[in-house]
Each structure stands twice: as structure tokens, then as C-alpha cells.
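Let's walk through a protein structure together, one step at a time. Take a moment to look at the picture before reading on.

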Amino acid sequence: MSGEKVLTKEIAEQFIADEYSVDLYEFRKLDDDAAEILSSSEDYCLSLDGLTELSDAAAESLSKHKGGRLHLNNLTELSDAAAESLSKHKGEDLQLGGLTKLSDAAAESLSRFNGEISIAGLLEMNASVAKSLSKHEGGGDLTFEVLSQITDEVVDILSNYKGGLSLNGISHFSDVAIESLSTHE
């Protein structure tokens, strides 16, 4: 086992007993049993931004978190099954800002999340991912902070999104892309 800190069942129980006794950000891995315990947390924001990996079972448990916000901003990958589970979270905010890529199936699942979703770290996006994400009706913005290149087709698809759209990482848009974005509501 590597030297990475693991959030265990015992540590999760300690957090539930006293949320100030544990800094969840310092943990890189999460035991499945610990995820089940953390899902019972009624804290408004469950911030697990230190996690670098998430099992499908842990994602299923975390989807049941009773608070409003679930932050997993250090994950760079997310399985299709984990995305499907997280899309069922009943909170108002799901942050997956560290994801650098997203499969078509994961994008389709996440588009069903009924709240604001942040996938700011995507490095690239194909048309099918854009189509799925543009169907998101959960409210809030779609934010892509580091996406540095984007095709005209993807811009045209995203311009149909019915919420805020942030493409801050793009330094140049073609005339066709600008025309598409001018139709965004």
C-alpha cells in the first residue's frame, strides 16, 4: 500500500461525531464502509476534495448524502457506474472540477443530476459529450475552465444549453463559433 492517506470507517465515524475533529481534505482514498457512514452526514457541504479515486460502491453511498453540496474536485477520472450513482444525489450542487475527461455514458448520466454541476477541468470535449451535457436541466452553470480547444460543432451544441455557460479556457473562437454563441440564452 502506498503512503496515501485512507479515510477509514473509524475516521468517518469520528467525523460524524464531531465534524471539526477531522479534515476530510487530507485523505486521498475512501473505504467503501467509510463512504456509507459519510452519506449519513447532514452537513450542508460534504467536501472530499482530496480524494484522487472513488470506487463505484463509494459513489453509490455518497449519492445518498443528505446535505446540499457534494464536492469531489480532485478526482481526475470517474467510471460510468460512479457517474450514474452520483447523478442521483439529491443535493443542489455536485462538483467534479478535477475531471479531465468524461465518457459519453458518464456525461449522459451526469446530465440527469438535478442541481448545479461543475466539470470545470475537462481538457477536451467531443460532440456526444456536449449533447449530453447540454441537456442538463438541473439549474446553474456549465463551467469549463481549462478546455483550451473546442470545435465549432461542440460550441453550436453547447449554445443550446438553457443555463449559464462558461468557456473561460478558450482563447480563440472562430466566426462560426461566435455566431453560435450569440444565440445562447
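A contact here means that heavy atoms lie within 4.5 Å. Keep that in mind as we go. This is a predicted model, in which local features need pLDDT of at least 70 and side-chain atom pairs count only at pLDDT 80 or more, while totals for chains, interfaces and linings use all residues. Residues are numbered from 1 along each chain as its sequence is written, and side-chain values use heavy atoms, leaving out hydrogens and water.

Let's start with the whole chain. Its secondary structure comes to 8 helices and 8 strands; helices (H or I, at least four residues) and strands (E, at least two) are DSSP runs numbered from the N terminus. The C-alpha trace spans about 55 × 30 × 25 Å along its principal axes. A compact globule of 185 residues would have a radius of gyration near 16 Å, and the 17 Å of this chain agrees with that. The radius is taken over C-alpha atoms, and the globule rule is 2.2 Å times the number of residues to the power 0.38. Among contacts between residues at least 6 apart in sequence, 49% join residues at least 24 apart.

Now look inside. Buried residues make up 46% of the 185 in the chain, where buried means under 20% relative accessible area, exposed means over 50%, and partly exposed lies in between (1.4 Å probe, protein chains only). In soluble globular proteins, nonpolar side chains tend to be buried together. A nonpolar core is a set of buried Ala, Val, Leu, Ile, Met, Phe, Trp, Tyr and Cys residues joined through side-chain atoms within 4.5 Å. Which residues touch the most other members of the largest nonpolar core? Of its 53 residues, they are Leu30, Leu48, Leu54, Leu62, Leu72, Leu78 and Leu102. Helices that each supply at least two residues of this core include H1 (9-17), H4 (80-86) and H7 (152-158). As for leucine 102, not counting residues up to four places away in sequence, its partners are Ala107, Leu110, Ile119, Leu122, Val129 and Leu133.

Val129 and Leu133 bring us to helix H6, where both are buried, along with Ala127, Ala130, Ser132 and Ser134. Because 6 of the 8 residues of H6 are buried, this helix is largely enclosed by the rest of the structure. Its cover includes H5, strand E7 (142-143) and H7. From serine 134, the C-alpha atom of asparagine 160 is 6.6 Å away, although the two residues are 26 apart along the chain. Asparagine 160 lies in the loop between H7 and strand E8 (165-166) and is partly exposed, at 47% relative accessible area.

Is histidine 89 buried or exposed? With 2% relative accessibility, histidine 89 counts as buried, and its place is the loop between H4 and strand E5 (93-95). A polar atom of its side chain lies 3.2 Å from the backbone nitrogen of glycine 91. Leaving aside neighbours within four places in sequence, histidine 89 has contacts that include Leu62, His65, Arg69 and Phe113.

Our last stop is alanine 177, in helix H8 (residues 175-181). Alanine 177 is buried, with a relative accessible area of 1%. Apart from neighbours within four places in sequence, alanine 177 is in contact with Asp152 and Val155. Lysine 66, by contrast, is 111 residues from alanine 177 in sequence and 40 Å from it in space, C-alpha to C-alpha.

Key. Polar contact = N/O pair within 3.5 Å; in protein donor to acceptor, adjacent residues only side chain to side chain.
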